[in-house]
Amino acid sequence: MENPKNFSVVQIKSSPEFSEKEKVNKNSKRYKWILLLKAHKLIVFLTWFTNGFRALHSKIKKRIANSEKIHNNRGKLYKFIRIFLIISMAALIFEIIAHFQNWNLRLIQPMEVEGLLHWSYVAWLSFRVDYIGPVVIMLSKFCIVLFMIQSLDRFVQCMGWFWIKFKRIKPVIEEPPNTDDPSSYPMVLVQIPMCNEKEVYAQSISAACQLEWPKDRVLIQVLDDSNDETVQVLIRNEVNYWHEKGVNIIYRHRFDRTGYKAGNLNSAMTCDYIKDYEFVAIFDADFQPNSDFLVQTVPHFKGKPDVGLVQARWSFVNTDENLLTRLQNVNLCFHFEVEQQVNGHFLHFFGFNGTAGVWRIKALEDSGGWLERTTVEDMDIAVRAHLNGWKFIFLNDVRVLCELPESHETYKKQQHRWHSGPMQLFRLCLPSIIRSKISIWNKLNLIFLFFLLRKLILPLYSFTLFCIILPLTMFVPEAELPVWVICYIPIFMSFLNILPSPQSFPFLIPYLLFENTMSVTKFNAMISGLFQLGSAYEWVVTKKTGRLSEVDLVSMAAEMEFKSSNHQSLLQRRASESGLELLKKLREHEEAPVVKKKRNRLYRKELFLAFLLLTASARSLLSAHGVHFYFLLFQGLSFLVVGLDLIGEQVN
């Protein structure tokens, strides 16, 4: 404005018609840009969703095409599965549309038909109300009571864990060893039982040979049960390699693998030189202890003559390998962080994990040694030692690296053994528990908490309540389960389970669904162990892959210093493919082995339950059950994923 005096205040305030139009144009342009951005985001999302759905569909088709044949009618089975999957997804879409359109699905009534069909329907209703309904109601109430008791036990354990965390309670070493006097260190025996562990034998032997302890006060026993001569040569050469480096290590091989791991350990304890040793540390073939393991565990026995076991915690090298390993990590973190730590502090008793622990040899001998009567020899010796008055210490801060099963087939076999063995042991130990001289509280803890509640009731109610009764209530509405049973309490308990591993919180819902899915395997194992069925004594060595860890890197660096020796060409350390170079040299005149193609399996029990749950979800949709529908749908889909072996890695 060159001459502001020519304009009045009224003119200045009322004149900018052009600026108002400009504002309108700017707002309209801004609105258009917002719409374009939202449209762009929508297109990107639809493109991502379409590509993801196509990739998942192609993967499923490929897995199905490569799966092994179970029976001749496999094509019909897949047609049924595909039809019910489509119906369930269509039902979910229909439920969403009905919600936004305010449709009341409860107005849908059964079709009234006169004659035989109408009479049959009325007869079915009468029979259901008089006979089926009461049985389902009684069974559901029984399972709900078990569910609440088990949930209360888990809640009490979590409260004990919170108390330990709040008070910062940890086991302490009363008298540390005198580092200036090697003779003050007790004699320690280190045992590494293995069987055809081609992928991991070198890792475990290397880690054990690098333990910080006076060399003349420790002996390492490599207990080999391998029936493969090539693997025997590999392990024997690995032992010779470390023996030439000055490590006190010996190799033992059994020609008769009687008693599996228990027989192997029992055979090793019969050697004459065992009487010179006071403690024994046990590591499975895939376990890689840190070099200070013995320094952190063995001194806890000093000044505590009633302590028979010091157990360390497991840590995993392949936690983030796939969804299956992540879900296992949630379970095992709760087991060690809460169950083992709470029981160790308040009761001085817990189940020995079979590895990463140090035993007082006198406690083993007083308890009868290793027995071959069950597939859980570790739990067996722990129970017998507890009955003889020995106390246990759990060290949550001492961790030993190991592997998680990466395929569902391997994990399924492991869980079958872990849940079948305790039921075998319960049948055998019950008379001894009753006759023992321990306190009444310890007897009640062993019978009702340790065995019945945590080993029998958990898989019993989980399978019966959520996999059988819940879908049946969709067809028997008289026995409908309340929402808090299928939603609120399970989510709250899963939240407590996931607290020790907060980084796994995004997997809360998948963890809940997967645990219900695995209840089929656990329930079957529990029944076979309780009634001594054929599969109860099945022992399958858990398949390992030999994942790289920090201990491997240290071992590889140490062996590079020995590179100039004549033995280095044949005895190099391997990380995830231990022994393959030596294996090639041993087979250089033989025909190259045929590489087996990896295939997935089909699990008929899980597929049948997926069929049942998805059918029940469709029935729940018509009845407008709400939460029941969503639980049944997603639980059915989780059974379908596991039944088609779409979780974890494939196996040979």
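In this predicted model, Arg326 counts as partly exposed, at 25% relative accessibility. The side chain of Arg326 meets that of Asp320 in a salt bridge, with 3.8 Å from N to O. Asp320 itself is exposed, its relative accessible area being 58%. Side chains of opposite charge can pair when their charged atoms come close. Across the whole structure, a search finds 17 salt bridges.

Another of these pairs joins Asp306 and Lys391, whose closest N and O atoms are 3.5 Å apart. Asp306 sits in the loop between α8 and β5, while Lys391 belongs to strand β7, so the pair ties together parts that are 85 residues apart in sequence. Both partners are partly exposed: Asp306 has a relative accessible area of 30%, and Lys391 one of 34%.

Lys412 forms a salt bridge with Glu606, and their closest N and O atoms are 3.1 Å apart. Here, distant parts of the chain are linked, as Lys412 lies in helix α12 and Glu606 in helix α18, 194 residues apart. Glu606 is buried, with a relative accessible area of 2%. Salt bridges that share partners also join Lys165, Arg313 and Glu337 into one network.

Helix α18 has a helical neighbour to explore as well. The axes of α18 (residues 604-623) and α19 (residues 627-643) come within 8 Å and cross at roughly 160°, which makes the two helices roughly antiparallel. The crossing is left-handed. Among the residues that meet are Glu606, Leu613 and Leu621 in α18, and Phe629, Leu633 and Gly643 in α19. The residues of this contact divide into 14 nonpolar, six polar and one charged.

Methods:
Residues numbered from 1 in each chain as written. Predicted model: local features only at pLDDT ≥ 70, side-chain atom pairs only at ≥ 80, totals over all residues. Heavy atoms only, no water. Axes fitted to C-alpha atoms, helices over the stretch in contact; angles between N-to-C directions. Helix = DSSP H or I, 4+ residues; strand = E, 2+ residues; numbered from the N terminus. Parallel < 35°, antiparallel > 145°, perpendicular 65-115°, else oblique. Left-handed = near helix turned anticlockwise from the far one by under 90°. Contact = heavy atoms within 4.5 Å. Nonpolar A, V, L, I, M, F, W, Y, C, P; charged D, E, K, R; others polar. Salt bridge = Lys/Arg side-chain N within 4 Å of Asp/Glu carboxyl O. Buried < 20%, exposed > 50% of the residue type's maximum accessible area, 1.4 Å probe, protein only.
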